[in-house]
Amino acid sequence: MPDPSSSGERKASDDRKVTTLRLTEMKRAGERIACLTAYDFLTARLIDQSGIDVVLVGDSAAMVFAGNDTTVPMTMDEMIYHTRVVTRGVRRALAIADMPFGSYHTGADDALRNAIRLMKEGRAEAVKLEGGVGIAAIVRRIVDAGIPVCGHIGLQPQSINAYGTYKTRGTEGSEAERIVDDARALADAGAFAIVVEKVPQALAARITAAVATPTIGIGAGSGCDGQILVTPDMLGMNTQFHPRFVRRYARLAETMGQAFASYRADVRSGSFPAANESY
Ligand code: KIV
């Protein structure tokens, strides 16, 4: 009987632990990789139990969890806290933690020290950094220490103050070529996966074909090896934010709003708690 762990084949109920090697096998086998973000224990556990392959503790927590306008304010201590609570809920999926803005920009020593903190204190299984050619040496240093690194190219939200806009990146030839170079530099530096954010789908497909490293798209079309969405966005929790690349799989803002209003009405009317909800 063939060994399923080496065949690249995937059973319908595949409860094998997802590793970085498994993601490479999935790319080779043409199996799409499903990824979501999480910031808290209960959501992480539900995502993990639903068979999602990768749980990213994204620094998008700065926005969708903490209410900031950008991801820039996120600190290492906050990332470690979110990572620790998420990893308590994750068994099967690969748990990746974002390195926040400033935690890897001051040199390879600082970057490695902070990556180690996310692994030891947060119990992450891998870290993610934004950038390409410019951070390749730092990626190599972290990889050489035995820490798997996921890259992040195209739109890099930590650079919003330099961009001044969240518009699609790589729509012009010169920037598109730079993004392809970024992907190659990350692959050469040993990254196990690369997030490709908000670029034209043809460019994302070209990058995916150019590197053996799995690509995970967000707003980058269907030509990537996998997809990721920010979980509160795909659950429809934020009615103010609905770019075209976010497919809403639920309307939680409505459901939660109705639940809160019903509870309020029940408390006001005295119908909650009932006798069978009391001691
Ligand atoms: O922080 C985050 O959630 C991310 C995803 C958008 C990929 O980096």
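Across the interface of domain 1 and domain 2 in this predicted model, two residue pairs are found in polar contact, both at pLDDT 80 or more. Salt bridges are absent from this boundary, the count between domain 1 and domain 2 being zero. On the side of domain 1 that touches domain 2, the residues comprise two nonpolar and two polar members, with no charged residue.

The two domains follow from the domain assignment of the chain, in which domain 1 spans 4–248 and domain 2 spans 251–279. Their C-alpha centres are separated by 38 Å. Contact between them involves four residues of domain 1 and four residues of domain 2. About 330 Å² is buried between domain 1 and domain 2, and carbon and sulfur atoms contribute 70% of this area. Of the area that domain 1 buries against domain 2, 83% is supplied by Leu-235, Gly-236 and Met-237, a share that exceeds that of any other three residues.

The ligand site was examined next. The residues surrounding the ligand are Thr-37, Leu-56, Gly-58, Asp-59, Ser-60, Asp-98, Lys-128, His-152, Val-195, Ile-218, Ile-228 and Val-230. Classified by residue type, this shell around the ligand consists of five nonpolar, four polar and three charged residues.

For Ser-60, an N or O atom of the side chain is 2.5 Å from a ligand oxygen atom. A polar side-chain atom of Lys-128 is placed 2.9 Å from an oxygen atom of the ligand, and in the case of Asp-59 the distance between a side-chain N or O atom and a ligand oxygen atom is 3.0 Å. The ligand taken alone exposes 260 Å², of which the protein buries 96%.

Methods. Residues numbered from 1 in each chain as written. Heavy atoms only, no water. Domains from an automatic or database assignment. Contact = heavy atoms within 4.5 Å. Buried area = accessible area lost by both parts, 1.4 Å probe. Salt bridge = Lys/Arg side-chain N within 4 Å of Asp/Glu carboxyl O. Polar contact = N/O pair within 3.5 Å; in protein donor to acceptor, adjacent residues only side chain to side chain. Nonpolar A, V, L, I, M, F, W, Y, C, P; charged D, E, K, R; others polar. Near = heavy atom within 4 Å. Areas by Shrake-Rupley, 256 points an atom, 1.4 Å probe, with all protein chains shown as cover.
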